[in-house]
There are 4 protein chains.
Amino acid sequence: MNQAAVRSASEFRVRYAETDQMGVVYHANYLIWCEIARTDLIRQLGTTYASLERQGTVLAVSEAALRYHASARYDELIRTECWVDRVRSRLVRFGYRILKIDDDSSPLKLVTAHTTLIALDASGRPRTMPADLLTRLKGSE
Amino acid sequence: MNQAAVRSASEFRVRYAETDQMGVVYHANYLIWCEIARTDLIRQLGTTYASLERQGTVLAVSEAALRYHASARYDELIRTECWVDRVRSRLVRFGYRILKIDDDSSPLKLVTAHTTLIALDASGRPRTMPADLLTRLKGSE
Amino acid sequence: MNQAAVRSASEFRVRYAETDQMGVVYHANYLIWCEIARTDLIRQLGTTYASLERQGTVLAVSEAALRYHASARYDELIRTECWVDRVRSRLVRFGYRILKIDDDSSPLKLVTAHTTLIALDASGRPRTMPADLLTRLKGSE
Amino acid sequence: MNQAAVRSASEFRVRYAETDQMGVVYHANYLIWCEIARTDLIRQLGTTYASLERQGTVLAVSEAALRYHASARYDELIRTECWVDRVRSRLVRFGYRILKIDDDSSPLKLVTAHTTLIALDASGRPRTMPADLLTRLKGSE
């Protein structure tokens with residue numbers, strides 16, 4: 001992403017249910033946190049993913065990749081950032097950075113990730129993204 | 001339940017994702033295990049919940065109550081039992097018993113529970129249960 | 001609870017991961033939301049559950065009961081309220097009310113619940129609650 | 001992997017809790033299914049991950065990548081396969097293939113994935129893997 005890109009920032013605390021017996025956040029939960037950040041980015045771009053689905057377009061994850069740098073623990077304050085990495089007519093790739101911010105120290109990078117999503121119609125067939133969505137996503141790069 | 005009642009028994013191992021930082025299974029997961037047992041009971045009664053939904057009937061949980069007696073840990077072998085506790089035309093109450101069985105010793109009772117489910121149509125309105133389902137549920141008491 | 005009782009209020013949006021194929025929030029997730037509200041109540045009382053565990057006291061759920069009144073959907077704004085219902089030296093019962101608030105209309109009650117928690121030491125044996133915690137909990141009734 | 005490699009195969013049905021409002025399995029759950037397959041592979045190699053942790057070695061996920069080919073639905077029968085892809089003294093990379101098998105037709109590939117795990121001691125510091133584990137993992141390639 002270039003410096004001018006739109007980037008969402010969502011903050012929340014780690015839930016007890018998200019920890020595992022290692023005492024840290026279970027690794028699959030970061031994909032859920034990416035989705036929270038993505039939802040917030042789309043809202044920030046002036047629409048909502050909920051309304052998109054109601055209008056018959058689904059964005060289905062076709063690829064996901066995560067790198068785990070450090071661990072989060074129960075009740076810590078988390079910030080998830082999301083931005084548009086690449087847009088095509090039928091797919092969009094989002095980038096993510098997940099940070100721990102509840103220390104006095106500077107934010108600690110926990111996870112970096114990206115996911116690729118493809119546009120589907122209500123019956124699950126690939127389709128081009130609605131023009132309005134495409135414009136918003138491209139404008140945010 | 002009387003002694004002649006149909007009772008399902010599902011077995012599986014505790015997933016790592018189901019543990020929390022206390023080192024035991026997070027308490028909300030037992031509701032998910034109850035649902036596994038309920039799915040298996042309905043299959044045992046000769047139909048499937050999946051087909052019921054496809055035919056336009058949803059069973060929505062309206063009440064749940066759980067008592068936690070002992071804790072389960074990662075990779076332990078679990079048995080969940082489910083039976084029909086009470087049936088009315090619009091609702092059914094299931095009973096559950098969740099046990100740990102991977103010791104040489106006798107099974108250890110972890111959780112007892114019950115849930116009440118009400119029948120809804122595809123648009124979320126209360127309805128009477130399909131006659132065939134009602135017959136199967138009543139026959140299992 | 002009486003009118004003067006301390007009551008926490010936590011707000012967040014429904015995550016996509018929390019929905020199920022019925023199109024609404026899966027019922028087990030409300031227990032997770034209760035825990036969020038409980039964490040926030042304890043913080044509001046001037047301590048944190050995280051520090052309590054670090055000092056060797058665990059509060060383990062021994063009973064839970066939920067009544068489901070209405071359904072929540074993806075991206076809706078939720079408020080969970082929690083208060084102390086009853087305190088004894090070894091256990092505490094919390095009450096919960098979960099509401100949907102993202103409409104222009106008045107809040108909609110989704111779930112009412114209560115959970116009973118018992119104090120355990122680090123090795124899982126019942127213990128009396130730390131005096132400081134007991135005082136805070138009793139003061140909030 | 002070469003043809004002679006050890007490959008675990010775990011089978012289970014999709015839980016209702018694992019679906020989302022799209023009517024299919026929520027994408028983060030496949031990471032949980034990978035962990036089930038990994039647990040079973042380690043058991044097949046003659047030890048258990050649970051005992052490994054009890055002896056002070058943790059395998060923490062440092063990277064994960066998933067490709068989603070098709071969707072799974074509630075109650076469908078799933079098979080997850082896992083094998084050792086690469087072993088070093090401090091890390092191991094596992095490969096996964098997740099299939100749907102409850103049709104009369106041939107298995108349908110849902111997800112392919114790999115995860116890299118690094119060995120940590122009980123206090124979270126990188127360590128070399130126990131010699132016995134290393135031997136078992138290398139022998140399975």
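## Basis of the model

This is a predicted model, in which local features need pLDDT of at least 70 and side-chain atom pairs count only at pLDDT 80 or more, while totals for chains, interfaces and linings use all residues. Residues are numbered from 1 along each chain as its sequence is written, and chains are lettered from A and ligands numbered from 1 in the order in which they are written.

Asp75(B) is placed in the loop between E2 and strand E3 (77-87) of chain B, helices (H or I, at least four residues) and strands (E, at least two) being DSSP runs numbered from the N terminus. The phi of Asp75(B) is near 75 degrees, a positive value in a residue other than glycine. Most residues other than glycine have a negative phi.

In chain D, Asp75(D) lies in the loop between E2 and E3, and its phi is likewise near 75 degrees, a positive value in a residue other than glycine. Asp75(D) is partly exposed, with 18 other C-beta atoms within 10 Å.

An open sheet of 10 strands runs in the order E1(A)-E3(A)-E4(A)-E5(A)-E2(A)-E2(D)-E5(D)-E4(D)-E3(D)-E1(D), with antiparallel pairing; two strands pair if DSSP finds at least two bridges between them. Strand E1 (8-13) of chain A and strand E1 (8-13) of chain D stand at the edges with a single partner strand each, so one side of each is left without a neighbour in the sheet. From one strand to the next, the twist averages 25 degrees.

Within chain D, E1(D) pairs with strand E3 (residues 77-87) in the antiparallel sense over 6 bridges, and Ser8(D) has Cys82(D) as its bridge partner in E3(D). Helix H1 (residues 29-44) of chain D packs on the sheet, where it touches E1, strand E2 (58-68), E3, strand E4 (91-100) and strand E5 (108-120) of chain D, and its direction makes about 65 degrees with that of E3(D); axes are lines fitted to C-alpha atoms, for helices over the stretch in contact, and angles run from 0 to 180 degrees between N-to-C directions.

## The contact between chains A and D

Contact between these chains involves 14 residues of chain A and 14 residues of chain D, two residues being in contact if their C-beta atoms, placed from the backbone, lie within 7 Å. On the side of chain A that touches chain D, the largest share, 9 residues, comes from E2(A), and the residues of that side divide into 10 nonpolar, 2 polar and 2 charged. Here Ala, Val, Leu, Ile, Met, Phe, Trp, Tyr, Cys and Pro count as nonpolar, Asp, Glu, Lys and Arg as charged, and the others, Gly among them, as polar.

E2(A) and E2(D) pair in the antiparallel sense over 5 bridges, and the bridge partner of Leu66(A) in E2(D) is Ala64(D).

## The contact between chains B and D

Chain B and chain D each bring 12 residues to their contact. Helix H1 (residues 29-44) of chain B gives the largest share of the side of chain B that touches chain D, 4 residues, and that side divides into 7 nonpolar, 2 polar and 3 charged residues.

Chain B is superposed on chain D by a rotation of 180 degrees with 0.0 Å of shift along its axis (RMSD 0.0 Å), and the two copies are thus related as by a two-fold rotation axis. In chain B, Phe12(B) has the C-alpha nearest the axis, 4.3 Å from it.

Conventions. Copies are superposed by least squares on the C-alpha atoms of residues with pLDDT of at least 70 in both. A residue is buried if 20 or more other C-beta atoms lie within 10 Å of its own, exposed if 12 or fewer, and partly exposed in between; C-beta atoms are placed from the backbone.
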